[in-house]
Amino acid sequence: MVFSSITFLVYFLPAILCLYYMAPVRMRNFILLTSSLFFYAWGEPIYVILMLISIFINYSFGILIDSTIKSPNTRFIKLWMALNLCANLGILGFFKYGDFVIKNINALFGTEMSLLNIPLPIGISFYTFQAMSYIIDLYRGKVRVQKNIVDFGTYIALFPQLIAGPIVRFKTIEEQLRHRVCNVFNFAAGSRRFILGLGKKVLIANNVGMVWDSISSMPSTEMSALSAWLGAVAFTLQIYFDFSGYSDMAIGLGKMFGFTFDENFRHPYSSKSITEFWRRWHISLGTWFKEYVYIPLGGNKYGAARQTMNILIVWALTGLWHGASWNFVIWGGYFAVILILEKLFINKLLERLDRSESESIITKFFGNIALRAYTLILVIISWVIFAIEDSYRIPEYLKSMVGFSADAQGMYLLQSNFILFVIAMIAATEVPQNIYRKLESEEGILGTKLRIVIEISGLIAILILSVAYSVASTYNPFLYFRF
Amino acid sequence: MKKFRKYYNLILSYGFFMILAVFLLACILIQDKEFSDMENRSLQIFPKLNMNTIASGAFMSEFETYASDQVIGRDFWVKLKNSGDKLIGKKDNGSAYWGREGYLFSMEKIDMEQLAKNTSYLLKFKGNIEKKGLKLSVAAVPTSSEILYDKLIGRPAMADEAVVLKSLNDSMGEASIDLRGVLREHKDEYIYYKTDHHWTTLGAYYGYRKIMSRWGGNAEEPSRYKKEKVSDKFLGTTYSKIAGFNTGSDDIYRYLNYNIENSTLKIQKSGLGRENFDTIESRALFAEEKLATKDKYAYFLGGNDPLVRIDSPKKNGRALLIIKDSYANCLSPFFTDNYEQIYSVDLRYYRGNILELIEEIRKDMDLTDVLVIYNAIQISNDRNLVFLLR
């Protein structure tokens, strides 16, 4: 089930909300667990068993590891950890990377092993990573063992973030599983957030996605620079609005049930460096890799050479996490190199440009633009690598982007989607949020009334339009679904 | 202030929930529709629920379609979406473009591989009938996207019909009748429907004239026909691709003269080409009853049947065989001035042997010409042309 479908909006959501709030408080986790399992089984009637297995394995290992830590004999602790890691990574590796491995072995050794052709279980990357965060944090003593399998199951399977994140660490949610605040403030905030996310996905992401779809099907030999750039920008916008929209819906839904998740996106396209970009994009993933891979590898504690190595490893894995294809590894590596260079010397250069402390508004303005342009161009190029899975086609696409040529179809797409792009680009910045915050801080009754009118009419407009586009569009992809 | 915020959030919360709940109730209580007139398609009804459909996921994916198809106020939502597209400056919705003066253009793709195959089938067929002393003519009629291209806003890449025509002209040579010239000459007239992919009767008339001039036959002047508007509410196939789009409807005309008015139609429904036409009841060329339905273009010859015969009062012993798609339906009546019998075969439904059919016709009539007429997109993509060689 996708959040932007009528099935979810009209059938599933109101029914679950009803059940949740009518039931006694101690039944709430159970209701969430069963409805989340139903939600998952709806999309994966068979693979839901796999998720149940994963829940059971990690729940059992949690108790095992916890009792081993508390017992006098801690000899086997590393063994349990290793086994658990193998189990989790094994499941993930088999279902997601099985054919990738086979293809590469075939290519390397000339063998002709046949592919397994196993369909990818939806959300496996997300729930596996969540489970691993629990086990590792348990081992580190950062969280307490979860002995209630319903509560634990709720953590793993919670439908708001099951399919597409954010990757919620057990730490974040540990207390909330036992006790959370369900009041009108949270529910209203959740509804607002959900509607905004819905609009981002259905109104913006799906529509700019059609532009990318159109351009990516052009033979790249005939592509003009205009079309190439238009396509790249379209994908850049699509992936942001699709993914952050989904995260917004997840966070909003969580709020409706009383959960507070961490933010996953903070206007990443306003970043002034790639380092900053990765503190604002898919924050939960970056945090996960930092906590559970980078820091265990040593982070920056063993000198520059080791740090460089660590960064490369972490980013190759980050790339690979996104998909079982080499272009994703290249994508990760691309960022690794830039991040290393930024750490080494680029960041100092950028700081000089970042004259936010400067007095002159003009230097501030141009400095800002230069920084953002630097970041955005690198990001847009990265999305080209990300979007094209046949790696050998990437260089020709990038080549098409050089120059000033234009073609009729590109001009047509630009004309046809100009307003949409402008709206999307503005919506990607902090401008709308700043305006809203400014209105919110108005103390007077008049200011409040104005804000309320704008807010309610805006929300209703977005909701109505989203339903219309959801109903009438035959095009409703979800880019991060391969995870 | 705090209390105010509390009430505000209360209203927001209940408001959001109530909207969803009301939707849910409405969708459950209101009866499901089976067909959408506006979108011209059947709507998904409640899917079968059993262990198989659940395990395979079929129930769920059909339910998703069901939920969307049966959502309350579906027509309103579809219309709203189309208005939204228009408002934001888009010129297409992924299935069709909207152009100037209310013209809608369907988005099509040409299957180049199939075009190559079809060209080779036509060539072989040409050889086969030339052995029997007949002449083949192939007319690939360009669609409005080709002739009225400047009515599109901007210059989107459309299916390249010029490539189709070139391919046919090159391989068929004299046998190919290129109608682009004559249609371009009259492009400022109402020769294509605005909301449908067909040409109008007027457009078909110009096609008829060109074909007759290539065959050395006579075509009457336009002024010799009585022009009658039979409908002004036609919303065709392209409209269905942007259902609910706020645009004017098309007019359907028929052109009458003595021969057309007094011609009759016989329809062979079996598709095997063996029914005796003499035993089939005659009916009118034009199907009045279709004008009250959505598919008004079926007014011409009642739609598409495997094999039909038009009998003209012009008793000159000559017959014409047309192998066609629906573009020929408003064209065939014009031939009643020149032929006593006009046979039309639709290869999608016809399962007989064309060469045998030709022999049958020749028993009583003088048959010299076979006309293959499709629109340029269809002639490229149609998978039934192989049956020419059955």
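## The contact between the chains

Where chain A meets chain B, the contact (heavy atoms within 4.5 Å) takes 53 residues from chain A and 49 residues from chain B. This is a predicted model, in which local features need pLDDT of at least 70 and side-chain atom pairs count only at pLDDT 80 or more, while totals for chains, interfaces and linings use all residues. Residues are numbered from 1 along each chain as its sequence is written, chains are lettered from A in the order in which they are written, and side-chain values use heavy atoms, leaving out hydrogens and water.

About 4,400 Å² is buried between chain A and chain B, with carbon and sulfur atoms giving 73% of it; buried area is the accessible area (1.4 Å probe) that two parts lose on being put together, summed over both. Of the area that chain A buries against chain B, 16% is supplied by A:Tyr11, A:Trp42 and A:Tyr412, more than by any other three residues.

## Pairs across the interface

Across the interface of chain A and chain B, 0 salt bridges are found, a salt bridge being a side-chain nitrogen of Lys or Arg within 4 Å of a carboxyl oxygen of Asp or Glu.

## The side of chain A

The side of chain A that touches chain B divides into 39 nonpolar, 11 polar and 3 charged residues, where Ala, Val, Leu, Ile, Met, Phe, Trp, Tyr, Cys and Pro count as nonpolar, Asp, Glu, Lys and Arg as charged, and the others, Gly among them, as polar. The largest share of this side, 15 residues, comes from α19(A), a helix being a DSSP run (H or I, at least four residues) numbered from the N terminus.

Methods:
Helix = DSSP H or I, 4+ residues; strand = E, 2+ residues; numbered from the N terminus.
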